Amino acid sequence: MVSRGSTQQSSAPYNRRIVLDVIRRQGEASRKELIDRVGLSPQTIANITQDLEDLDLIISKRQKGEKSRGQPPMSFALNPDGGDAIGISLELNHIASARVNLVGEMRDRREISADLRDPTTALVAMIKQVETLRLGALHPDRIWGVGVAMPGPFDAPDLAFKGPTVFEKWRGLEIFTALEDAIGLPVYYNVDSVAGAVGESLFGAASDTNRFFYLYMGAGLGGTLMIDRAAYTGANGNATEIGHIPVERNGRQCSCGNRGCVETYLSLHALSESIAGPGALLSSDEIEKRLNENDSTIHDWCRSVAPYLQQVICTVENMLDPQMIVLGGAVPGALWQAILTYAQPLLHSVRSGGTIQNARRVVISSQAGDSALLGAAVLPIYEKLTPRIDVLTQGRAEEMDSAQKKIERRFRI
Ligand SMILES: [Zn+2]
């Protein structure tokens with residue numbers, strides 16, 4: 001489904017986003033296709049595409065086609081050199097950052113280990129990484145903003161900022177105001193599972209899917225339901241916090257106060273404790289190495305948690321009926337692949353059997369390991385490329401308005 005343009009004079013930025021969104025979704029679009037799909041007059045479309053070309057956000061080229069009289073028509077595509085955004089993905093023991101262009105390609109990627117439980121250490125590390133990435137850009141003055149992905153939820157008194165899988169001292173998140181002041185760029189943040197889902201929706205496994213569920217394994221386990229490229233947030237921005245769904249009566253104690261939550265079994269934290277003892281958090285490299293070496297301890301763990309993945313998939317499918325479930329997060333795709341293999345056959349659900357194609361019922365993110373990083377960088381890009389700006393606000397409407405205005409001033413959008 002494509003949003004329709006508006007003929008209101010005040011809706012120029014909205015119309016530009018819609019045109020950008022159609023071009024992104026199609027890869028290339030002719031002027032006639034834009035007119036047909038957006039529903040605006042040929043003159044308005046011509047003005048908008050000219051504006052977007054002037055801003056270097058799109059490029060035009062002659063379409064190749066059958067030989068006929070006159071010039072072949074023009075088509076438009078996103079400009080890979082039209083500016084970059086910086087993404088930061090925070091896990092408890094490391095910070096990854098990347099500069100990503102308009103079409104979702106990573107131009108530069110950095111990673112350091114640091115104990116991010118201390119917000120001051122984290123702030124200094126983030127400022128350094130942003131400055132390094134910005135200086136390496138072809139056009140350092142054309143960085144749209146910084147997106148940060150981190151474990152959530154942010155606004156649930158019984159769950160937020162509690163336990164071993166989250167940043168306990170970050171309560172309030174004033175750190176992002178300090179980051180914005182220090183680097184002079186708009187900063188967007190979101191829960192890692194939402195950022196990852198947005199990344200998948202724009203450039204990943206779900207780019208041609210309107211309703212999918214994204215399961216994010218980081219230190220904990222998170223999930224996001226995407227509907228028409230927007231994350232379903234629930235009443236308070238905390239929807240689909242799947243890690244705290246109880247699956248074992250009288251099971252393991254969870255930081256939320258309940259017992260038997262699924263993330264106490266199926267998460268990087270659970271894997272690390274099971275293999276390396278209390279307080280450990282394995283790196284992606286270590287996990288991949290163990291899987292490649294056919295290490296029996298990690299395979300035993302994958303086999304033991306496969307029934308929990310079956311339960312999660314069955315629950316999500318029966319509750320939400322998504323077109324597909326994407327498995328991603330901060331862990332390597334090979335870890336998901338091992339668990340998913342042991343989880344076969346999947347349980348029966350509304351999504352199984354019959355004429356529904358099962359081939360794409362569950363897929364592993366092609367970005368696995370970097371889902372949140374790409375997703376974070378996408379947050380500022382998403383602001384520019386999609387007409388649905390409500391998705392990212394999550395209770396930060398005024399701050400987001402001001403961040404959006406900064407971008408608009410910067411690029412005259
Ligand atoms: Zn819990």
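Me: In which loop is the place of Gly104?

Reply: This is a predicted model, in which local features need pLDDT of at least 70, side-chain atom pairs count only at pLDDT 80 or more, and totals for chains, interfaces and linings use all residues. Residues are numbered from 1 along each chain as its sequence is written. Strands here are DSSP runs of E with at least two residues, and helices are runs of H or I with at least four, both numbered from the N terminus. Gly104 lies in the loop between β5 (94–101) and β6 (106–113).

Me: Does Gly104 count as buried or exposed?

Reply: A residue is buried if 20 or more other C-beta atoms lie within 10 Å of its own, exposed if 12 or fewer, and partly exposed in between, with C-beta atoms placed from the backbone. Because Gly104 has 20 C-beta neighbours inside 10 Å, the residue counts as buried.

Me: Which residues is Gly104 in contact with, leaving aside its neighbours within four places in sequence?

Reply: Two residues are in contact if their C-beta atoms, placed from the backbone, lie within 7 Å. Gly104 and Leu202 are 98 residues apart in sequence, yet their C-alpha atoms are 8.2 Å apart in space. Leaving aside neighbours within four places in sequence, the contacts of Gly104 are Leu202, Phe203, Leu374 and Val378.

Me: Which residues touch the most other members of the largest nonpolar core?

Reply: A nonpolar core is a set of buried Ala, Val, Leu, Ile, Met, Phe, Trp, Tyr and Cys residues joined through C-beta atoms within 7 Å. Not counting residues up to four places away in sequence, Val148 touches Ile88, Leu90, Phe176, Val187, Tyr189 and Ala376. Among the 106 residues of the largest core, those that touch the most other members are Val148 and Ala377.
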